[in-house]
Amino acid sequence: MTHSLVCAETVSRVSSVLNRNTRQFGKKHLFDQNEETCWNSDQGPSQWVTLEFPQLIRVSQLQIQFQGGFSSRRGCLEGSQGSQAFRKIVDFYPEDNNSLQTFPIPVAEVERLKVTFEDATDFFGRVVIYHLRVLGEKGTNRDPYRGQHYRARLEGRRPYPRNLTFP
């Protein structure tokens with residue numbers, strides 16, 4: 001069953017925020033399900049959003065709702081596992097309108113995603129997004145300590161128990 005994979009433990013980053021005003025235009029607005037709020041990038045040749053999930057996921061769809069006039073003509077979805085470099089999964093081509101657009105993704109198992117928006121329809125290269133959803137399923141967790149390690153790193157704690165030894 002496909003459902004939204006972005007959760008409270010998902011770490012997100014964005015390329016820029018308009019006038020550095022994170023309260024009004026910050027990344028948190030990508031996922032808040034509020035029709036009144038949005039992420040508004042600053043100007044630039046390309047904009048991006050990265051997501052680091054607390055476990056392995058299987059991505060099957062990407063949903064994006066732009067503000068018409070501030071969208072992208074071309075996008076690229078990249079993914080990786082662990083600390084590996086990002087690899088291209090698929091290119092997608094959004095329309096310049098206000099509707100929620102769905103892009104099917106060849107099923108990929110990743111822990112990190114990067115969505116890059118290139119060739120903005122705005123003259124200055126700004127992108128405005130009301131909703132960004134990553135749909136799919138939670139994957140298998142190959143390392144039983146992966147979730148613990150991730151949470152410990154976020155909280156600034158030691159990731160593994162002191163008595164744990166590795167071969």
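A: **The surroundings of R112**

The side chain of R112 reaches the backbone oxygen of G82 at 3.2 Å, and it also makes a polar contact with the side chain of S80 at 2.9 Å, where a polar contact is a pair of N or O atoms within 3.5 Å, of which, within protein, one must be able to donate a hydrogen and the other to accept it, and residues adjacent in sequence count only if both atoms are side-chain atoms. This is a predicted model, in which local features need pLDDT of at least 70 and side-chain atom pairs count only at pLDDT 80 or more, whereas totals for chains, interfaces and linings use all residues. Residues are numbered from 1 along each chain as its sequence is written, and side-chain values use heavy atoms, with hydrogens and water left out.

R112 lies in strand β7, residues 100-120; strands (E, at least two residues) and helices (H or I, at least four) are DSSP runs, numbered from the N terminus. R112 is buried but has no salt bridge, and the nearest side chain of opposite charge, that of E52, is 5.6 Å away. Here buried means under 20% relative accessible area, exposed over 50% and partly exposed in between, with a 1.4 Å probe and protein chains only. A salt bridge requires a side-chain nitrogen of Lys or Arg within 4 Å of a carboxyl oxygen of Asp or Glu; for charge, Lys and Arg count as positive and Asp and Glu as negative, while His and the chain ends are not counted.

Leaving aside neighbours within four places in sequence, R112 is in contact (heavy atoms within 4.5 Å) with L51, E52, E78, G79, S80, G82, S83, Q84 and F86. Of these, G82 is in the turn of the hairpin formed by β5 and β6, which has six residues between its strands, and G82 has a positive phi of about 60°. Strand β5 (residues 72-80) and strand β6 (residues 87-92) run antiparallel and are joined by five bridges, and two strands pair if DSSP finds at least two bridges between them.

As for the whole, the protein has two helices and eight strands, following the pattern β-β-α-β-β-β-β-β-β-α along the sequence. Buried residues make up 44% of its 167 residues. Of the contacts in the protein with a separation of 6 or more, 76% come from residues 24 or more positions apart.
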